[in-house]
Amino acid sequence: STDSLLQFKLSPEYRDAIFLVQDDITMAPSDAIANSVTEYCLGGGGVDAAIHKAMGRTLSGKGIFRKEIVNQLSVQSGTGIRCPLGTARSVKVPWHKQALDRTLSRTIQWVIQASGPHDQNLIALELTYWAILEEAAYLGVRHIAIPSISTIGRNAIKWSVAAEIAVSTTKRWIDRHPEEPLQIVFYVLADGNRDAYIDAMRKYL
């Protein structure tokens with residue numbers, strides 16, 4: 001919701017490009033949504049589980065979206081890997097299928113599967129955020145919602161560290177691509193994660 005939008009006195013080159021929202025990412029009014037997945041892209045917890053649930057019984061429960069993942073993302077020979085660590089690959093949402101029970105925002109046309117690290121590999125996390133933005137630009141989307149990557153689980157990266165990587169990497173990407181009309185919106189739920197992003201945005205932007 002617009003009430004959740006947190007915007008700061010950013011430098012002019014970032015003011016209309018980077019935003020922070022504390023809300024459910026599956027409701028984002030975006031063209032694309034980034035999803036934190038394993039290298040196999042066939043189910044997980046956190047954001048991945050939330051996105052599949054929001055697709056409803058028709059797209060997710062009957063396996064339609066999973067079939068789209070299998071059909072659209074090729075597998076590395078002999079590995080089962082569809083999205084190698086530090087990369088991002090997109091899947092078109094099959095809205096042509098009836099999904100009357102879905103809660104996922106109807107504006108979302110693409111789910112960008114992003115494979116972040118499951119340990120303290122900060123370089124891989126940086127590569128993952130960069131890959132998300134590169135994929136969004138390749139798709140030609142104007143608005144992307146991005147969750148916090150690699151911040152849940154036994155070896156989760158601390159919110160403060162992950163937020164700094166997300167924001168600083170995004171800043172570098174915008175500096176490298178000033179002509180791209182992409183709006184980047186970070187989505188968080190927890191107050192502590194929100195505060196981590198606020199600190200990072202004030203530090204880098």
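Me: What volume does the largest pocket have?
Reply: A pocket is an open space with protein around it, and in this predicted model the largest pocket has a volume of about 650 Å³.

Me: Which residues lie nearest the centre of the largest pocket, and how many line it?
Reply: The lining consists of 33 residues, and those nearest the centre are Gly-46, Val-47, Ser-148, Thr-151 and Ile-152. By class, the lining divides into 14 nonpolar, 14 polar and five charged residues.

Me: Which element gives the most to the lining of the largest pocket?
Reply: Helix H2, which spans 46-54, gives the most, with four residues, while H2 and strand S7 (183-188) each supply at least two residues of the lining.

Me: Which residues make the nonpolar surface patch?
Reply: Tyr-40, Leu-42 and Val-70 make a nonpolar surface patch of about 250 Å². Leu-42 sits in the loop that runs between strand S3 (32-36) and helix H2, and because its relative accessible area is 34%, Leu-42 is classed as partly exposed, a class that lies between the cut-offs of 20% and 50%.

Me: Is Ala-162 buried or exposed?
Reply: Burial is judged by relative accessible area, with under 20% counting as buried; Ala-162, in helix H6 (residues 159-176), has a value of 1% and is therefore buried.

Me: How far apart are Ala-162 and Gln-120 in sequence and in space?
Reply: Ala-162 and Gln-120 are separated by 42 residues in sequence, whereas in space the C-alpha to C-alpha distance is 9.9 Å.

Key:
Residues are numbered from 1 along each chain as its sequence is written. This is a predicted model: local features need pLDDT of at least 70, side-chain atom pairs count only at pLDDT 80 or more; totals for chains, interfaces and linings use all residues. Side-chain values use heavy atoms; hydrogens and water are left out. Patches are made of residues with over 30% relative accessible area and no salt bridge: like charges are joined within 9 Å, nonpolar side chains (Val, Leu, Ile, Met, Phe, Trp, Tyr) within 5 Å. Accessible areas come from the Shrake-Rupley method with a 1.4 Å probe; for residues, only the protein chains shown count as cover. A salt bridge is a side-chain nitrogen of Lys or Arg within 4 Å of a carboxyl oxygen of Asp or Glu. Buried means under 20% relative accessible area, exposed over 50%, partly exposed in between (1.4 Å probe, protein chains only). On a 1 Å grid over the protein atoms alone, a cavity is a set of points where a 1.4 Å probe fits but cannot get out, and a pocket is an open set with protein on both sides within 12 Å along at least five of seven lines; lining residues have an atom within 4 Å of a point. Grid points are joined across faces, edges and corners, and a volume is the space filled by probe spheres set on the points. Ala, Val, Leu, Ile, Met, Phe, Trp, Tyr, Cys and Pro count as nonpolar, Asp, Glu, Lys and Arg as charged, and the others, Gly among them, as polar.
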